[in-house]
Amino acid sequence: MRVTFDPGGLADRIAGGEPLALARGISHVENESDGFEALLERLDGRAGRARRIGITGPPGAGKSTLTAALTRHYLDQSLKVGIVAVDPTSPFTGGALLGDRIRMGELSTEPGVFIRSMASRGSLGGLATATREAADLMDAAGYDRVILETLGVGQAELDIAVSADTTAVVLVPESGDGVQAMKAGLMEVADLFVINKSDRPGADRLEKEIAIIMSIRFANREPAGGGGGAEEVWRMPITQTVASESRGVDEFAAHLDRHFDWLTATGRLEARRRAARLRRAHDALVRRCHRDARRIWRDASPETLDSGASPYAIARRLYEASRRPRTGTLRGT
Ligand SMILES: Nc1nc2c(ncn2[C@@H]2O[C@H](COP(=O)(O)OP(=O)(O)OP(=O)(O)O)[C@@H](O)[C@H]2O)c(=O)[nH]1
Ligand SMILES: [Mg+2]
């Protein structure tokens, strides 16, 4: 379904900090409404002020509870917080979405907080891309911190986590044995570790386990050369928290700040963000091609589709026909 809107007008309202406009803008991005890229382009120059924090980990580790506690910590510092909660559940249950709503419910009425759930089914051009762009819009709308909560299972979710400036991996003592996390690729994406539910037994053991795994990793890692005085190697902190009681959250937030300072001091922030912009361009290109493919398929003639040719021949004919310039019509959209 195509919805038309005025990208310039909406961009101004988003930049002015209107939550309703922000919510609309994110929906337009998810739906790829006509003009959504013009909207993103208009706001591009305004993004870049927010710090982006990815919070990832296995199901039920307490990511939402920790996100809520961290948000309260930032609110106490008079910072505005945008939250993108990626809903990994199937369209049939919606369970986690409901759970997140309940846990974050009390925050949703706070004026300095904007919460958005992104459903995997809701975005045509890819969940990761739409999620990053939702974060861009929150950034442009003046939110100081943007927290991306995603499940640490599956490549798409990990992609989202690593598109943040800082990625925190949340593990829990009982299920969270470090080896499992390593298998899921969580060790690769972590800038910090949080051992949540440390009110339960086994937190110290898990902390030792993570420390050992990481020290093996560090031993194999070349320290980056050069460096203008800043510590070049980031020693990954491990924080024990009880998110449901906000215990350890101040310490976690302090590590997040330290990591951001380290990124800035070593020039990594700029490099990461430059790479992120290039990836955004790549994503936009892929999405455009995908959109073209949908159009080509929609407009395909019955003769071509029913020709009895092989699937590959059909695809080739459709593709080649679409690239042939047609006289009298403008190419592209
Ligand atoms: N004992 C204990 N329970 C906690 C703690 N933090 C969260 N919980 C509980 O753990 C359950 C899961 O918490 P969530 O915050 O929904 O976990 P999540 O990782 O966001 O879950 P999904 O998004 O569904 O993967 C809830 O019942 C929380 O109340 C903690 O530190 N200690
Ligand atoms: Mg959650």
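Student: Leaving aside neighbours within four places in sequence, what is Thr129 in contact with?
Tutor: Asp283 and Arg287, with contact meaning heavy atoms within 4.5 Å. This is a predicted model: local features need pLDDT of at least 70, side-chain atom pairs need 80 or more, and totals for chains, interfaces and linings use all residues. Residues count from 1 along each chain as written, chains are lettered from A and ligands numbered from 1 in written order, and side-chain values use heavy atoms, without hydrogens or water.

Student: Which side chain does Thr129 make a polar contact with?
Tutor: That of Asp283, at 3.4 Å (an N or O pair within 3.5 Å, one able to donate a hydrogen and the other to accept it).

Student: Is Thr129 buried or exposed?
Tutor: Thr129 counts as buried because its relative accessibility is 8% (buried is under 20%, exposed over 50%, with a 1.4 Å probe on protein chains only). Thr129 sits in helix 6, residues 127-140 (a DSSP run of H or I, at least four residues).

Student: New topic: which residues of helix 14 are buried?
Tutor: Ala313, Ile314 and Leu318. Down the axis of helix 14, the buried residues fall within an arc of 130° (directions from the axis to the C-beta atoms), so they line one face. Tyr312 and Arg323 are exposed on the other side.

Student: What covers those buried residues?
Tutor: The cover includes helix 12 (268-298) and helix 13 (302-305).

Definitions and conventions
Helices (H or I, at least four residues) and strands (E, at least two) are DSSP runs, numbered from the N terminus.
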